[in-house]
Amino acid sequence: MLRVVGSESQVSDSTGGELEPRPDHNPDLGPHELRRTDTDPRAAKRAERQVAVMFGGSIVATILFVVAFVTVGNTDTITIPLIGEIGAQNLTLGLALGLGSFLVGAGAIQWARKLMSDEEIVDERKPFASDSETRAKVAADFAMGAEESGVMKRPLIRRTLLGAMLLLPVPAIVMLRDLGPLPETKSRDTLWRKGSRIVQSVSYKPIRPEDIPIGGLIAGAVPANLPIVEEEDGNLNERAKAAIILVRMAPNEIRSQQIKNGDFQGILAFSKICTHLGCPIALYQQRTKHLLCPCHQSTFDLADDGNVIFGPAARRLPQLAITVDADGFLVAADGFQEPVGPSFWERG
Amino acid sequence: MSTTNRVVETTATWVDDRIGAGKWMKKNLRKVFPDHWSFMLGEIALYSFIILLLTGVYLTLFFNPSMKEVVYDGSYAPLQGIKMTQAYESTLRISFDVRGGLLLRQLHHWAALLFVASVSVHMFRVFFTGAFRKPRELNWIIGVGLMTLAILEGFAGYSLPDDLLSGTGLRIAQGIVLSIPLVGSYVSSFLFGGEFPGTDFIPRLYSIHILLIPGILLGMLTAHLLLVWYQKHTQFPGVGRTNKNVVGFPLFPVYTAKAGGFFFIVSGVLTLISGLFSINPIWLYGPYVPDQVTAGSQPDWYIGWLDGAVRVIPNWETVIFGYNISWNILLPALIIPGIMFTLLALYPWIEAKATGDKREHHLLDRPRNAPTRTGLGAMAISFYGLLWISGGNDIIAQAFGWSINSITWTIRVLLFVLPPLVFVFTKRACLGLQRRDRDKLLHGRETGIIKRSPEGEYTEVHAPISQKERAQLLAVREVDYTPIEAGPAVDENGVAAPKKGRMGRALSRFYFQDRVVPATDEEIDEGQHHAADQLDTVRQQGSITTGSH
C-alpha cells in the first residue's frame, strides 16, 4: 500500500494482509436451521409431488408442441384480450415450448430448494500468488532458456526476427484491397444531367408542373433512366444518390435559393438524401417550409437555400435546378452542383 | 438401483483410467458457490447466449444472406409481387412459411435484447459491489470486451434481414464510416464492395455475425467463466464469511439443479414472450429501398444511446485545406463512445490508484461503503440514460406534444448539469447511510419502545443487533481508506521528497476526503452493552412489550 513511510495506515500493507475479524464479530456459521421438509415427512412428500407435477406438465407441454406443429396452420389466427389478433401457430408453439422448458426449470429449482440439503458449506481460499521460491525458480528457468537460445547475445537474429514478424501481417491487410474498388469520385456524381426527365420514384410516371399544387410536395422522385440502370447493375446504388423531393411554394415565399432561378414557377427540387448520415428525408411541414429528417431530426429550410436550421447536419441540402421540356414535363436543368449525401474527408 | 450404480461406476472408471478425471472431480464436484440473487444476472447473460447459439444455428438453415433481387411470391399477401433481396425474402419465408420459424426468429431477437440487457446489469452489479478489484481486474477487462462485442453482434444481427428499418441503420453506419478522417471513403468502398448499398455487404456481415464475432464471444466467455471458476466467486459479507473463505452450496447437487434449472426458466420465459409478443415485425417495414424511410425509426435498445449521442450533438464540421472533419459524427459515434469504454475498462486501475490498496478482495462491498465509486457509477448511468432518452427525442416529442428543439436543447444542458448533481447526491446518500450503519453498530437497532424516565424525559430504547447484521455492518472497516498524503518535503536525511505521485494523491483526496470513520471495537462494545442494559431494564419492568422492528 502506497502510504507515507511511518504514517499510520488504516489497513495493513502487505499482499493478502487482512484485518482479522474478532471471533465475536464474525463467528462461525452457527447452527443450521431446518426447513419443514427436513422435519415433516408429509411436507417432503408434498414437495416431491409438486416437483413431479411440474416435470409431468413439461412432458404434456412438449407433446402439445408436436400436436400444434402438425395441426395449427400458418394463417390461423386467434384473438386474445389486450394483445389482439395474433397468429395461432406462433402462439401455440410458443406457449407449449415455453411451458415445456419453464416447468423443467421450475421443477429442478423447487427440488433444490425443498429437498436437497440447504446446509451451507465452507471452502478455504488460497492466495493466487506463487511463493517466492517458485517465482525465483521460474525467473531462473526463464533466464536459463534465454541464455541457451542466445537471443540476447545475437542481436542480428533478434532484430531480423522482429522485422519479419512485424511484416508478416502486411499480406493480410493487402489482401483486403480487393474487397471493393477505390472510391474515386463516384460519390460526387449522380444520374442527373441536363434534361434528365423527373419521374415518380415508385411508378416512374413523368411529372407536369400542374401535378403539384402550391403547398404541395412530391416526396420521392428519380431520373427517368434510373430503372434501366438499376436493371443493369442489379442494385440500388444510383437510387441512393439520385433521389430528390419536389415542393411547390408561391414564388414570393422563396426567400433565397442556391441556384439562381433554379425553381420552375415556385417548384423547387432538393436532394432527398440527408447531408448528415444519408437517411431519406421525408417529413415536410408545409406552413414553415421546413423539412425534417426522421433519423436524427436535422431540419432544413427549403424556402431559404435548404439551409440547416436545427439538428446535427452540418450542410444544406443540395438543390437541383429544374425546368420543363418540350412536352411540358419537369426535367433537370443541370446536374447537382455539389455532392449529395453525408460528408466525407475529401469532400472539402 | 444397483444396476445404475454399476453403470455409473464402470463409466467413471473407464473415463478416469484414460484421462484421470477423478482428481479434477474430487476437487470440483463439491465446489462451493455463494448464493445471492444478483449473482444470477451473469447467469442470465450466459443462458441467453446459449439460446442465441441454438436458435441462430436453426435460422442459418433457412436464411439466405444474398442481396440478389427476386420477386416475392410467398404467403404474406401484402408483399406479393414486390421486388426484394433474397435476404429479406428468406426472412419472410422463415416468418410465414416455416412452421415455428417465426417463433425461433422472435426467440433469437428477444434473447439478443435480454443478452445485452443482462450483460449490462451484471456489469453494474460487478461495478457497484467492487467485484472488479484485485484479483479480478482481468475478468473485468474481458467483461468490457464481451459487452462491446455483444452490442456490435446485436447490430450486425438485426441488420441482416435487409428490411427498410435495418437498411436505414446500415445507411447510418455507412455515413459514420465515411466520416473517418483520411480513409473513410476507402473503408466504406471496401466494406460495401463499392457504393452503398451494393450487393456485397449482407453476405459479408453474415459471416461476421455467425462466425467471426460469435467465435470471439465464445472464446472470451469461456475465459470469463474459467476465471470465475478458478478464482472462486466473490461473496457478500455476513456471518462466517471472510476474505479467506467461500460459503455457499455445493456444485453437485444444489447448483447443478439450481443453475441448470435456471437455464430452462430463462429459455422458457423467453419462449413464452416470443409466443406472445411480436418483435421486429420486418414484414410491416417492407424491403429496403434507399429513398424510402419510416418516421420514428428506432434501433434496438442498446444502440439507442449512440443514436441519441448522434442526435444531440451540435452540427460542428471543420474544413481544413479542402478536407472535411465531421465532428458532428466523429464525436458522438466514435470519440465519445471510445472514451467511455476506455474509462470503463481502466476503472479498476483508477480506483486502485486512489486507494493504494494491493490486497485481494473477495468480500463484496455494499455500494454505500464506497461512496465515491457509487457516485461515479450513478453519474455514468445518468449520462448514458440521457443519451438514451435523446435517442427517443422524436417519440417523446410526439407523445407529449413538446417541441423537438426544446427537448434536444434540454438534453444538451442536462448532459453537463445532471451527472455531477447525481454524483454529489449519490455520494451524500451513501455517506448518510454509512452514518446510520455506524449508529446502528454503536447503539443497536431502534426498538420502537419509548421509555419515560422519572424526570419525565422520553427516550427510545435500542436493542443489540443480530450477529448477522453486525458482520455485515463491520465489513465497512475492510474498505475504510484515508487520502494518501504527501510525506514530509524533506526526510530525516535531508533528501527532498520526489514530486511523483501528486496525481495519485489528488485522486485519493477526491475519493476519500469525505469519509465516515467506522466505529472501533471499544466504541461498539460500549454502545452495545448500553443498549442491552437499557432493554433489560425495560423488560424487567414488564410494562411494555417489545415492539417489532
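How many salt bridges are there between chain B and chain A? The count is 5, a salt bridge being a side-chain nitrogen of Lys or Arg within 4 Å of a carboxyl oxygen of Asp or Glu.

## Basis and confidence

This is a predicted model, in which local features need pLDDT of at least 70 and side-chain atom pairs count only at pLDDT 80 or more, while totals for chains, interfaces and linings use all residues. Residues are numbered from 1 along each chain as its sequence is written, chains are lettered from A and ligands numbered from 1 in the order in which they are written, and side-chain values use heavy atoms, with hydrogens and water left out.

The predictor assigns the complex an ipTM of 0.91 and a pTM of 0.93. Chain B has an average pLDDT (the predictor's confidence in each residue, from 0 to 100) of 92, and 97% of its residues score at least 70. Within chain B, residues 543–549 have a pLDDT below 50, and this stretch makes 11 contacts in the model beyond near neighbours in sequence; contact means heavy atoms within 4.5 Å. For chain A the average pLDDT is 90, with 92% of the residues scoring at least 70. Residues 1–18 of chain A stay under 50, and the model has 38 contacts for them beyond four places in sequence.

## The interface between chains B and A

Contact between the chains involves 128 residues of chain B and 105 residues of chain A. The buried area is about 9800 Å², of which carbon and sulfur atoms give 60%; this is the accessible area (1.4 Å probe) that two parts lose on being put together, summed over both. R99(B), E195(B) and D291(B) supply 8% of the area that chain B buries against chain A, more than any other three residues.

E195(B) also forms a salt bridge with K241(A), in which the closest N and O atoms are 2.6 Å apart. Helix α10 (residues 251–276) of chain B gives the most to the side of chain B that touches chain A, with 16 residues. Helices (H or I, at least four residues) and strands (E, at least two) are DSSP runs, numbered from the N terminus.

## A sheet spanning both chains

An open sheet of 3 strands has the order β3(A)-β4(B)-β1(B), with antiparallel pairing. β3 of chain A and β1 (32–33) of chain B stand at the edges, each with a single partner strand, so one side of each is left without a neighbour in the sheet.

Two strands pair if DSSP finds at least two bridges between them. Strand β3 (residues 121–124) of chain A pairs with strand β4 (residues 245–250) of chain B over 4 bridges, and V122(A) has V247(B) as its bridge partner. Between β1(B) and β4(B) there are 2 bridges, with F249(B) the partner of F33(B).

## Features within single chains

In chain B, 6 bridges join the antiparallel strands β7 (residues 445–452) and β8 (residues 458–463). K451(B) has T459(B) as its bridge partner in β8(B). The two strands form a hairpin with 5 residues between them, and G456(B) in the turn has a positive phi of about 95°.

Over all chains, the whole structure holds 38 salt bridges. One of them links E48(A) to K45(A), with the closest N and O atoms 3.4 Å apart. Both residues lie in helix α2 (residues 41–71) of chain A, 3 residues apart, about one turn of the helix.
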